[in-house]
Amino acid sequence: MAGAHLDSVSAGPGINDNGSGSAAILETVLAVSREGLKPTQHLRFAWWGAEELGILGSRHYVNRLPSTERSKIDAYLNFDMVGSPNPGYFVYDDDRRLEAVFKDWFAAKGVSTEIETEGDGRSDHASFQRVGIPVGGLFTGAGRTKTAAQAQKWGGTAGQAFDRCYHRSCDTTANINDTGLDRNSDAIAHAIWTLGAPS
Ligand SMILES: [Zn+2]
């Protein structure tokens, strides 16, 4: 299962947070459909409401799932901000198998990654983690500042936030780094396919 929150804060339009993650998983759905791919596992996608109000949508969903339904979810992948304008490449480290699928993809593209800590436990994956479902995901950074070492390996501007428009009115379509969004979207499609149709 993969999910992204579709709502934004009232202060801004929420294009990076989280039009980016919502669009990335939607494009994955469309690609699977267009190509007529037949996954061996069921793929399930969710676009959550009210994440910004305290992950209400995903919590409601998980709370309503009977335990037999919960046990059918092998993994939940969360994508909340994957096109930050001054991007970093962060991978959730909650589950080793899921983390490896993403890390290996980025490594093969020559992009180094770091463990995600800025949003730890604050997005919709927390609802699934709470009931023992393995979670994974990607993140390109919010209000934290990119260090000199990070700018050296990832490009962009040191001393500046990953997303200067985080939760602000300037989080518009101009607030997206195309390379970051492109890499993350490809990594997401790869992960969903790798996990959905294991060879
Ligand atoms: Zn968000």
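A: The largest cavity has a volume of about 30 Å³. This is a predicted model: local features need pLDDT of at least 70, side-chain atom pairs count only at pLDDT 80 or more, and totals for chains, interfaces and linings use all residues. Residues are numbered from 1 along each chain as its sequence is written, and side-chain values use heavy atoms, with hydrogens and water left out.

Q: What are a cavity, a pocket and a volume here?
A: Rolling a probe the size of a water molecule over the atoms shows where empty space is left. The search uses a 1 Å grid over the protein atoms alone. A cavity is a set of points where a 1.4 Å probe fits but cannot get out. A pocket is an open set with protein on both sides within 12 Å along at least five of seven lines. Lining residues have an atom within 4 Å of a point. Grid points are joined across faces, edges and corners, and a volume is the space filled by probe spheres set on the points.

Q: How many cavities of 30 Å³ or more does the search find, and which residues line the largest cavity?
A: The lining of the largest cavity is S8, V9, G12, P13, G14, D17, H167, R168 and D171. By type, that lining has 2 nonpolar, 4 polar and 3 charged residues. Ala, Val, Leu, Ile, Met, Phe, Trp, Tyr, Cys and Pro count as nonpolar; Asp, Glu, Lys and Arg count as charged; the others, Gly among them, count as polar.

Q: What is the volume of the largest pocket?
A: The largest pocket has a volume of about 470 Å³. It is lined by 19 residues, and M1, Q41, H42, D74 and A75 lie nearest its centre. Helix α7 supplies the largest share of this lining, 4 residues. Helices (H or I, at least four residues) and strands (E, at least two) are DSSP runs, numbered from the N terminus. The lining divides into 10 nonpolar, 5 polar and 4 charged residues.

Q: What about the second largest pocket?
A: The second largest pocket holds about 220 Å³ of space. Of its 17 lining residues, E51, D80, R122, S123 and Y166 are the closest to its centre. Its lining has 5 nonpolar, 5 polar and 7 charged residues.

Q: Where does I55 lie, and is I55 buried or exposed?
A: I55 lies in the loop between β2 (45-48) and α2 (56-64). Its phi is positive, about 45°, although I55 is not a glycine. I55 counts as buried because its relative accessibility is 11%. Buried means under 20% relative accessible area, exposed over 50%, partly exposed in between (1.4 Å probe, protein chains only).

Q: And where is H167?
A: H167 is in the loop between α6 (148-154) and α7 (178-196). H167 also has a positive phi, about 60°, and is not a glycine. At 27% relative accessibility, H167 counts as partly exposed.

Q: How many disulfides does the structure hold?
A: A disulfide is a covalent bond between the sulfur atoms of two cysteines. The cut-off is a pair of cysteine sulfur atoms within 2.5 Å. The structure holds 1 disulfide. C165 and C170 form it, with sulfur atoms 2.1 Å apart. The torsion about their S-S bond is about -110°, so the disulfide is left-handed. C165 counts as buried at 12% relative accessibility, whereas C170 is partly exposed at 26%.

Q: Which residues have the most contacts inside the largest nonpolar core?
A: A nonpolar core is a set of buried Ala, Val, Leu, Ile, Met, Phe, Trp, Tyr and Cys residues joined through side-chain atoms within 4.5 Å. The largest has 28 residues, and L77, F79, F102, F106, L138 and I188 have the most contacts inside it. Helix α4 (96-108) is among the elements that give two or more residues. α4 gives the most to this core, 5 residues.

Q: Where is F79 placed?
A: F79 is in strand β3 (residues 76-79). F79 is buried, with a relative accessible area of 0%.
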